[in-house]
Amino acid sequence: MSTTLEFIRTTILNNIPLEAGVTRIEFEGPEIAIYVKNPAVIVEKTDVIRNIAKTIKKRVVIRTDPAFRKDKRETIEIIKNIIPKEANIKEIKFDDILGEVVILAEKTGLAIGKGGVNRRKILAETGWRAVIERAPPRESKIVKQILNQLLLENEYRLNFLRRTGERIHRTLVFKDSYVRITALGGFMEVGRSAILVETPESKVIMDLGINLGANNPLTAYPRLDIHDFPIEELDAVIVTHAHLDHTGLVPLLFKYGYEGPVYMTKPTRDLTILMLQDYLGVVQREGRTPPYGEREVRKMLLHTITLKYNEVTDIAPDIRLTFYNAGHILGSAMAHLHIGEGLHNIVYTGDFKYARTRLLERANDKFPRVETLIMETTYGGQDQPPREEAEAQLIEVITRTISRGGKVLIPVLSVGRGQEIMLVIANAIRKKILPEIPVYIEGLIDEVTAIHTQYPELLSREVMMAIYNDQDPFSAEFFKRVEGREARKDIVEGEPCVIMATSGMLTGGPAVDYLKMLAPDPRNSLVFVSYQVEGTLGRKIKDGAREIPMVGENGRIEILKINLEVRSIEGFSGHSDRGQLMDFLRNIEPKPRRIILNHGEPSNTRAFYNKLMSKRTRSRLGLPEDLEVYAPRIMESLRLV
Ligand SMILES: [Zn+2]
């Protein structure tokens, strides 16, 4: 696997037509960039690049030597001639360092052209590499901010990519003889997910979250204190999805000297930056000290390398990473690690949903190889009611509340459940099962929704087609965006309605603000639609607490009486329930020899562990008879090879 630069150079020079005029060959993170004088020569011969990529087992990008790129004004003219008007170009921006031209278009398919023909034409005729991004009808502020940031700091970024590339392709010192994982967080508990993977050669972290329900650093953060955590030796950080219990502590690494890459999908990047900024805002407003600041979040962005699903990428001399759809939230991924030349394969599911939802397709279940499976067990001991039942319950409680003149507060995680519930309500109103009442959406959820419409190809087929046909269900008129705190009071005093607000577990944010105003009136309802972590206010109310001490306006503690109707609807979860976890194991190919359980409260993880210990279950699921099953505790290490 250690493909040396020497071998790569020779292969490229032996295969590329001389007329292309190769000037430089560089690592750019996990990719190889070939700088040429005359890209037109190669662009017409797509098989040449394909063969090189296959031989050196790398993704290859062709860039034009800066001296041979056309003038920008001329380039814009040429682009406008090549890309059809109907694609509706919104903006064209240049990245001088990478030699890329970023084209924001409404119809990316038309802009890219059949088989990427327009992109090739632009490169051949102008020397600029076209990067075509979707400009959604509703602009996402965060996506714009991210693109600008990356353009602004492109020189820093190119240097970072080259350094990372060299590090990935360093010569192997040790021949692999062991693979070990350490449970740093999120084992026998939900929150602060973190797994360290070590070989003699490399160290990789999978997820690095925070537990929002805990106050003490020893329980809120992963146990980075255990063995003089080797920040400088770390090769890569992998982030499976944008929830804070998987990402929340990643920026801290940059505060303590980490200079390496963070791998995630593109939507995970956008959502993560948004969630981290929001988290810092909430912590500061509550007068607490955050573990890191905006600066570290920015640095994390500059060190993020985005990958697509099913794309194999070298992340260390002896580790290859591939992401697969996890069906949990937009951009969520299962991580497949191929270690050594066929030495060992790990699949880490992250949070996953093994069933279709209105928003997303079902998680992947086919892998090239897998010996060790690390899987979540949030609902390892519980089955969830069918979705239709959950939807009917939600519609029923909304209808009942509205008819008695009340308002429905639905606390939602901004990412995932928020959009799913919006789709359920939109569907019910369209089918006239629900009257057309106003549904108030707080700012953060709206911004997250805009990010969803940026990636229609990653959503469920129905939603994707609707967005492509200009019938974006999230843009329905009854969804009303709330701006500013003052508006909340008017909403609470106004007509019957539904209010969707963060945070999903009432740990802070507008949902708590609304709760304070709505709780005393028994005509109102509070509806939980997602998992409530132990220790959160949401969990306390769900478990029956009806008198909640709250800090009032003058700093005095006041008791908030929960008089409104409290309902908890199961079945909307973005996690697989017990049956779905079993279905996943029945269908996964190939079958793992070892299963390690994480991301579940002890009762759930233990229940699933016991299930897997049963011979009958194993044979029913087609799992090996001598399957090894582990449910490690935090700080425990496990040798896999
Ligand atoms: Zn999650």
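Lys432 sits in the loop between helix H15 (417-430) and strand E19. In this predicted model, Lys432 takes a positive phi of about 60°, even though it is not a glycine. Two cis peptide bonds also turn up in loops. One of them links Thr502 to Ser503, with omega at about 0°, and Ser503 belongs to the loop between E21 and H19. The other links Glu589 to Pro590, where omega comes out at about -10°. Pro590 falls in the loop that runs between helix H21 (578-587) and strand E26 (594-598).

Six strands make it up, in the order E20-E19-E21-E18-E22-E25, and the pairing is parallel. At the edges are strand E20 (479-482) and strand E25 (565-568), each of which pairs on one side only. Going from one strand to the next, the twist averages 20°. At the E25 end, strand E22 (residues 525-528) pairs with E25 in the parallel sense over 4 bridges, and Phe528 stands opposite Ser568 of E25. Helix H14 (residues 387-403) packs on this sheet, where it touches strand E18 (408-411), strand E21 (498-501), E22 and E25. The direction of H14 makes about 170° with that of E22. Helix H19 (residues 510-518) lies across E18, strand E19 (439-442), E21 and E22, and it runs at about 150° to E18.

Stepping back to the whole chain, the protein divides into domain 1 (5-67), domain 2 (71-151), domain 3 (177-382 + 575-639) and domain 4 (387-568). The C-alpha centres of domain 3 and domain 4 are 28 Å apart. Where these two meet, 28 residues of domain 3 are in contact with 25 residues of domain 4. The domain 3 side of that contact is made up of 13 nonpolar, 8 polar and 7 charged residues.

Turning to helix packing, two helix pairs are worth a look. Helix H1 (residues 5-15) packs against helix H3 (residues 46-56) at an angle of about 155°, and their axes are 10 Å apart. With an angle over 145° counting as roughly antiparallel, H1 is therefore roughly antiparallel to H3. The crossing of H1 past H3 is right-handed. On the H1 side, Ile8, Thr11, Ile12 and Asn15 take part, and they meet Val48, Asn51, Ile52, Thr55 and Ile56 in H3. Sorted by class, the residues of this H1 and H3 contact are 5 nonpolar and 4 polar, with no charged ones.

The second pair is arranged another way. Helix H7 (residues 141-152) and helix H12 (residues 266-285) have axes that come within 10 Å and cross at roughly 105°. Since angles from 65 to 115 degrees count as roughly perpendicular, H7 and H12 are roughly perpendicular to each other. H7 contributes Ile142, Val143 and Ile146 to the contact, while H12 contributes Asp270, Ile273 and Leu274. By class, the contact of H7 with H12 has 5 nonpolar residues, no polar ones and 1 charged.

Methods:
Residues are numbered from 1 along each chain as its sequence is written. This is a predicted model: local features need pLDDT of at least 70, side-chain atom pairs count only at pLDDT 80 or more; totals for chains, interfaces and linings use all residues. Domain bounds come from an automatic or database domain assignment. Two residues are in contact if their C-beta atoms, placed from the backbone, lie within 7 Å. Ala, Val, Leu, Ile, Met, Phe, Trp, Tyr, Cys and Pro count as nonpolar, Asp, Glu, Lys and Arg as charged, and the others, Gly among them, as polar. Axes are lines fitted to C-alpha atoms, for helices over the stretch in contact, and angles run from 0 to 180 degrees between N-to-C directions. Angles under 35 degrees count as roughly parallel, over 145 as roughly antiparallel, 65 to 115 as roughly perpendicular and the rest as oblique. A crossing is left-handed if the near helix is turned anticlockwise from the far one by less than a right angle, and right-handed if clockwise. Two strands pair if DSSP finds at least two bridges between them.
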